[in-house]
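Subject: Structure for you to look at

Hi,

Here is the structure I promised to pass on. Please open it alongside this email, and have a look around before you read my notes.

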Amino acid sequence: MLIISLTIIASLFYVLATSHVLSRLFHRQGPSQKVTIILSTVAILAHMLLLVNSVFRADGQDLSIVNVALLTCWIIVLCVTTVSLKFPATLLLPVVYGFAALLTISSLFIPHHVLLQSINVELVLVAHISLSLLAYCILIIATLYGVQFYFIDKRLKRKDLAIVHSHLPPLMVVERQLYQLLNLGTVLLSVALITGFVFLDGMFAKEFIHKTILSLVAWAIFATIAVGHVKRGWRGKVVVVSIMIAAFTLTLAYFGSRFIQEVVLNKF
C-alpha cells in the first residue's frame, strides 16, 4: 500500500510540474521557478522513497529492470532539475517530468518477476555498474540537450518571434552544454567499458555479447561525434540524429534483453 501511495504522489506531482512548465513554455518570463521547484521536489522525494521501498526489502534487494529504470529516471530528473536552477531548461523539464510520471505510474502494472538478492559483489563490479549508469544518465541528458538545440535552431531559422521573446535559453549556451555533457558522458562510458574488459570476465560470453557489442557501437558513435565537433566543427541536424541513434543503441544494450526476459516473456 505504501508503494502504491508513493507512486501516485510522485506521478501526480510530476504531472503538475509538467503542466505548469508547459503552460508558460513560450512566456517571456517563463514558468515560475518557485512553483516548479516546489512541485518537482515533492515528486522527486516521493520518487526517492518509492525507490528505497521497492529496492530494499527484508529478504534482499529487488534489482528488477523496473527498479533500475526508476533509479535511472530519478537520477536524470534530479540532474536536470538541479541544472535548471542556474540555466534555463524550459524545454527539458516537461520532457523529463512527463516521462517520469509515465514511468512511475507504469511501474504499478509492469510485472516484477525477479530474484531478490543480497548485495555481495566485488568493488570492481560496483565501480563498473556505477560508471555505466552515470555515463548513461549523462548521455541521455546530452541527447535531450541535442533535441532542445535542434528545436530552438529550427524555430530561429523560421524567424519565429515567439521563441525569440520566450524564456528559452540562448542557442549557443545550449550547444555548449550539449557538447560538454557529450564529452563527459563519452569519457565515463569509455572508462566503464575499459574496466569491464580489464577486470571482468565474460564480456563476450554468449549471454552478454549483445550488450557489449551494442555498447561499443554506441560508444563509437558518441566518440566520433565528440571528436568531429572538436576537429571539424560538426553540428546541426545530422549530429543530433546521430546522438539520438547512439542513445537508443545504448538503451537497448542496457535494458533491451532484460525487458524482454523480465516483462515480455513473463506475460506468456
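Below is what turned up, going from the overall fold to the core, the aromatic rings and the surface.

Please keep in mind that this is a predicted model.

**Overall fold**

The protein chain has nine helices and three strands. Followed along the sequence, they come in the pattern α-α-β-β-α-α-β-α-α-α-α-α. Of the 268 residues in the protein chain, 46% are buried. If you take the contacts between residues at least 6 apart in sequence, 78% of them join residues at least 24 apart. The protein chain exposes about 14300 Å², with carbon and sulfur atoms supplying 72% of that area.

**The core**

The largest nonpolar core holds 68 residues, and those touching the most other members are Tyr 14, Val 77, Leu 182, Leu 189, Phe 222 and Leu 250. H5 gives the most, with 13 residues.

Setting aside neighbours within four places in sequence, Phe 222 is in contact with Leu 139, Leu 182, Thr 186, Leu 189, Ile 243, Ala 246, Ala 247 and Leu 250.

**Aromatic rings**

The whole structure contains three aromatic pairs. In one of them, the rings of Tyr 136 and Tyr 254 have their centres 5.3 Å apart and their planes at 40 degrees, so this pair counts as tilted. Tyr 136 lies in helix H5 and Tyr 254 in helix H9, so the pair ties together parts that are 118 residues apart in sequence. Tyr 136 is buried, because its relative accessible area is 7%, under the 20% cut-off. Together with Phe 255, Tyr 136 and Tyr 254 form one aromatic cluster.

**A nonpolar patch on the surface**

Which residues form a nonpolar patch on the surface? They are Ile 194, Phe 197, Val 198, Phe 199, Phe 204, Ile 209, Ile 213 and Val 217, with about 740 Å² of accessible area together. H7 and H8 are the elements that give two or more residues to the patch, and H7 has the largest share, at four residues. Ile 213, which sits in helix H8, is partly exposed, with a relative accessible area of 43%.

Notes
Residues are numbered from 1 along each chain as its sequence is written. This is a predicted model: local features need pLDDT of at least 70, side-chain atom pairs count only at pLDDT 80 or more; totals for chains, interfaces and linings use all residues. Side-chain values use heavy atoms; hydrogens and water are left out. A nonpolar core is a set of buried Ala, Val, Leu, Ile, Met, Phe, Trp, Tyr and Cys residues joined through side-chain atoms within 4.5 Å. Buried means under 20% relative accessible area, exposed over 50%, partly exposed in between (1.4 Å probe, protein chains only). Contact means heavy atoms within 4.5 Å. Patches are made of residues with over 30% relative accessible area and no salt bridge: like charges are joined within 9 Å, nonpolar side chains (Val, Leu, Ile, Met, Phe, Trp, Tyr) within 5 Å. Accessible areas come from the Shrake-Rupley method with a 1.4 Å probe; for residues, only the protein chains shown count as cover. A salt bridge is a side-chain nitrogen of Lys or Arg within 4 Å of a carboxyl oxygen of Asp or Glu. Rings of Phe, Tyr and Trp (its six-membered ring) pair if their centres lie within 6.5 Å; planes under 30 degrees apart count as stacked, over 60 as edge-to-face and the rest as tilted.
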